[in-house]
Structure formats: structure tokens, C-alpha cells
Amino acid sequence: MLGFAALAMTACQSAPETTQPEPALEPGPIAAQTASDPAAVPSGSAIIDQSVAVIPPDKAVPTKYAAFSGLWAGRLDGMYDAKLAVQTISSNGKVTVTYAWGTLGDNHPGEAAGVGRIVGTTLKLERLPNGADLSFVMRPDKTLAGTVRLAGQTYTGVFLKQ
């Protein structure tokens, strides 16, 4: 009987619990998405059309402006997918961009072309057709701190170069 009780107690014991670390608050890299695999794109994601081209800046463009060139991806408020393609940059800081957003508030995913200007470390875009005001600040770690103001709400996030 004593052996049976010891066996029963051993069977009831469970492995010690291991704690999982908390997920990082900073967004990780966001994989490039392609139209060739629509199943790989979650519903509500930001998608930049594949025809959008980034033209490398001319040598006359100051390095601090040229750093903005390229495709950037991030999450606003840690949950809303967004992408920014800084397509052209002139030597005076004028830019052309394409901005794509996933589901954001009452806005369904979309994409808009825009223009703006870099002053110091800040890229400020003119208001987009959907009413959004966007700005991006180049941080010392070469990421962008993005701010989107839309319909009375402000969303912020970190954008990583892709």
C-alpha cells in the first residue's frame, strides 16, 4: 500500500513552471510582402504596390537627407501596420513618398502618394488625401520615429529600414 501511495504521489507531480520573457515593446523587422503570395499577407496589413520604385539619392544630396531614402516599415501604437517608401530626395530636402497603412481606426488599408520636405532630422509630409498628417524623425540609431495624426487621433511608432 505504501508503494502505491508513493507511485500515486509521483504521478501527480508536475514539471516546474518556466516563465517566458515578456515580448519586446520595440517592433521587430517586418518582412517584405509580395503580391505573388497573397496568403502571406495578413488581413489589414499595409501593402506598398510593387511598382513603387526608390531611386537612390544623387551624390549632391547631403548624407543626413540621403539616410531617409528607402523602404521603411513599422507599427503605430504597437499594433497598426504601416510602410513608408521614400522614393526621391533632392539636394534641398524635398521628397516624394508612398505611404501605406493597414487598418487604422475607421480607415481600411490603403496607399497614398505624397510630397514633403526634410528639415534637420525631420521629414514632414504635406497632408495626404485621407486627411492624415505624417512626420518622421531620424533617431540616432538610424530608425524613424513616426507620428500620424488622423481624425483627431495621434498614433506613434518606430519604423525600421527594410
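The model is predicted, so to speak of local features a pLDDT of at least 70 is needed, side-chain atom pairs count only at pLDDT 80 or more, and totals for chains, interfaces and linings use all residues. Residues are numbered from 1 along each chain as its sequence is written, and side-chain values use heavy atoms, with hydrogens and water left out.

Let's begin with the layout. The protein has 2 helices and 8 strands, in the order α-α-β-β-β-β-β-β-β-β along the sequence. Here helices (H or I, at least four residues) and strands (E, at least two) are DSSP runs, numbered from the N terminus.

Next comes the core. Of the 162 residues, 35% are buried, meaning under 20% relative accessible area with a 1.4 Å probe, protein chains only. The largest nonpolar core holds 28 residues, and Val86, Tyr99, Phe136 and Val148 touch the most other members. Such a core is a set of buried Ala, Val, Leu, Ile, Met, Phe, Trp, Tyr and Cys residues joined through side-chain atoms within 4.5 Å. Each of the strands β1 to β8 supplies at least two residues of this core. Beyond its neighbours within four places in sequence, Tyr99 is in contact (heavy atoms within 4.5 Å) with residues including Leu76, Leu84, Phe136 and Val148.

Finally, look at β8. Strands pair if DSSP finds at least two bridges between them. β8 pairs with β1 in the antiparallel sense over 3 bridges, and Gly74 has Phe159 as its bridge partner. With β7, the antiparallel pairing runs over 7 bridges, and Leu150 stands opposite Gln153. β7 and β8 form a hairpin with 2 residues between them, where Ala151 in the turn has a positive phi of about 50°.

Definitions and conventions. Buried means under 20% relative accessible area, exposed over 50%, partly exposed in between (1.4 Å probe, protein chains only).
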